[in-house]
Amino acid sequence: MRKRASLTADRITLKGLRARGRHGVLPAERELGQEFVVDATLFLDTAPAAAGDDLTLTVHYGELAEALVKVVEGEPVELVETLAQRLADVCLASGPVERAEVSVHKPAAPIPLPFDDVVVTIERSRP
């Protein structure tokens with residue numbers, strides 16, 4: 001089955017949001033914690049907000065950032081995929097958001113080789 005295309009190409013992107021969390025499979029990750037970086041792109045129709053210059057008709061990205069940080073700093077999970085899903089759920093609950101793409105970066109992942117970053121990216125839509 002093919003996904004329904006969004007009616008709008010408008011988007012709001014929040015990049016590089018940093019927060020400390022205790023997510024991971026290893027006990028040391030749970031004990032010490034580490035920095036996670038979140039990028040979130042929200043797809044929505046911004047025309048009504050722009051037409052009325054009305055914040056209530058769009059996404060308040062400051063409040064969204066605070067809500068996303070609470071998730072990262074909150075209850076630990078083992079998988080970055082689970083964390084990404086929780087963050088996407090927060091994004092989709094934000095006003096008129098039709099679809100969200102969330103990337104979770106784990107730059108200090110416990111990999112014993114040189115690397116730049118580990119990133120899990122998911123895309124979710126409202127049902």
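A residue is called buried under 20% relative accessible area, exposed over 50% and partly exposed in between, with a 1.4 Å probe and protein chains only. By this scale Val25 counts as exposed, because its relative accessibility is 53%. The model is a predicted one, in which local features need pLDDT of at least 70 and side-chain atom pairs count only at pLDDT 80 or more, while totals for chains, interfaces and linings use all residues. Residues are numbered from 1 along each chain as its sequence is written, and side-chain values use heavy atoms, leaving out hydrogens and water.

Val25 sits in the loop that runs between β1 (11-21) and α1 (27-32); helices (H or I, at least four residues) and strands (E, at least two) are DSSP runs, numbered from the N terminus.

Turning to the sheet, four strands are arranged in the order β1-β2-β3-β4, giving an open sheet with antiparallel pairing; two strands pair if DSSP finds at least two bridges between them. Because β1 and β4 (119-125) stand at the edges with a single partner strand each, one side of each has no neighbour in the sheet. On average, neighbouring strands are turned by 15° against each other, direction ignored. Seven bridges join β3 (residues 99-105) and β4 in the antiparallel sense, and Arg99 has Ser125 in β4 as its bridge partner.

Helix α4 (residues 80-92) packs on the sheet and touches β2, β3 and β4, where contact means heavy atoms within 4.5 Å. The direction of α4 makes about 145° with that of β3; axes are lines fitted to C-alpha atoms, for helices over the stretch in contact, and angles run from 0 to 180 degrees between N-to-C directions. Helix α3 (residues 61-73), in turn, lies across β1 and β2 (34-43), at about 35° to β1.
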